[in-house]
Amino acid sequence: MVYDIFIFGQEVLRHKAQPVAAVTPEIRKLVRDMLDTMYDAPGVGLAAEQIGREEALCVIDVPANAEIPACVASNAAITMPLILINPVITATAGQQRGEEGCLSFPDISAPITRPMQVTVAYLDLEGRAQTATAQGLLARAILHETDHLNGVLLVDRMSAIQRLAVAGKLKRMQQEAAQGAHRR
Ligand SMILES: [Zn+2]
């Protein structure tokens, strides 16, 4: 099932996600629906708030052909799609700057500085504790989606000058959101 995607201005995007207590069949169904929604958009990541939910849960699929070439080999151990339940960033290293967008900010992207490498602890779909260390675009996606689960959005990572450049678009989005509009 493909959900409507909430856009900037809608209150739920500012909520802090609630930890998933147990990986139930309902959570697995939610994951399937979030994957359907992400692939339909299409996007490389989706957090629960973006479909109006508050579970601490995000889905990511960065195809190897979209990855920074130098990071493909080091990310190879991580199977896509990557489902992160109750993710916590436990370590970061390095720095990268690259164009970043968000399904909740249609038509907006900006160069954003992020760590080059991230280690994340999470539960998998079987409820087992896992950790993964990723680099490049996959690291960026993990950081972006865990931001969402903390109510932190792309706009918060932009500089004042970058925000000014898209101020008109942001305002229009907020007005549409106030009228209950979704991405589709
Ligand atoms: Zn996003």
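Start with contacts. In the protein chain, take contacts between residues at least 6 apart in sequence: 71% of them join residues at least 24 apart. Two residues are in contact here if their C-beta atoms, placed from the backbone, lie within 7 Å.

A word on the source. This is a predicted model: local features need pLDDT of at least 70, side-chain atom pairs count only at pLDDT 80 or more, and totals for chains, interfaces and linings use all residues. Residues are numbered from 1 along each chain as its sequence is written.

Now the parts. The protein chain has 6 helices and 7 strands. Both are DSSP runs, numbered from the N terminus: helices are H or I with at least four residues, strands are E with at least two. Along the sequence, the pattern reads α-β-β-α-β-β-β-β-β-α-α-α-α. The radius of gyration is 16 Å, close to the 16 Å from the globule rule for 184 residues, so the chain is as compact as a globular protein of that length. That radius is taken over C-alpha atoms, and the rule is 2.2 Å times the number of residues to the power 0.38.

Next, the sheet. What is the order of its 5 strands? It is β1-β2-β3-β6-β7, an open sheet with antiparallel pairing. Strands pair if DSSP finds at least two bridges between them. At the edges sit β1 (45-47) and β7 (129-135), each pairing on one side only. From one strand to the next, the twist averages 35°. Look at β3 (residues 82-93) and β6 (residues 117-123): 6 bridges join them. Ile 89 stands opposite Val 120 in β6.

Helix α1 (residues 25-40) lies across β1, β2 (57-60) and β3, at about 45° to β2. Axes are lines fitted to C-alpha atoms, for helices over the stretch in contact, and angles run from 0 to 180 degrees between N-to-C directions.

Now the inside. The largest nonpolar core has 45 residues, and Met 34, Cys 58, Val 59, Ile 60 and Ile 142 touch the most other members. Such a core is a set of buried Ala, Val, Leu, Ile, Met, Phe, Trp, Tyr and Cys residues joined through C-beta atoms within 7 Å. Buried means 20 or more other C-beta atoms within 10 Å of a residue's own; exposed means 12 or fewer, partly exposed in between. Helix α3 gives the most to this core, with 7 residues.

Finish on Cys 58. Beyond its neighbours within four places in sequence, Cys 58 has contacts including Gly 45, Leu 84, Pro 87 and His 148.
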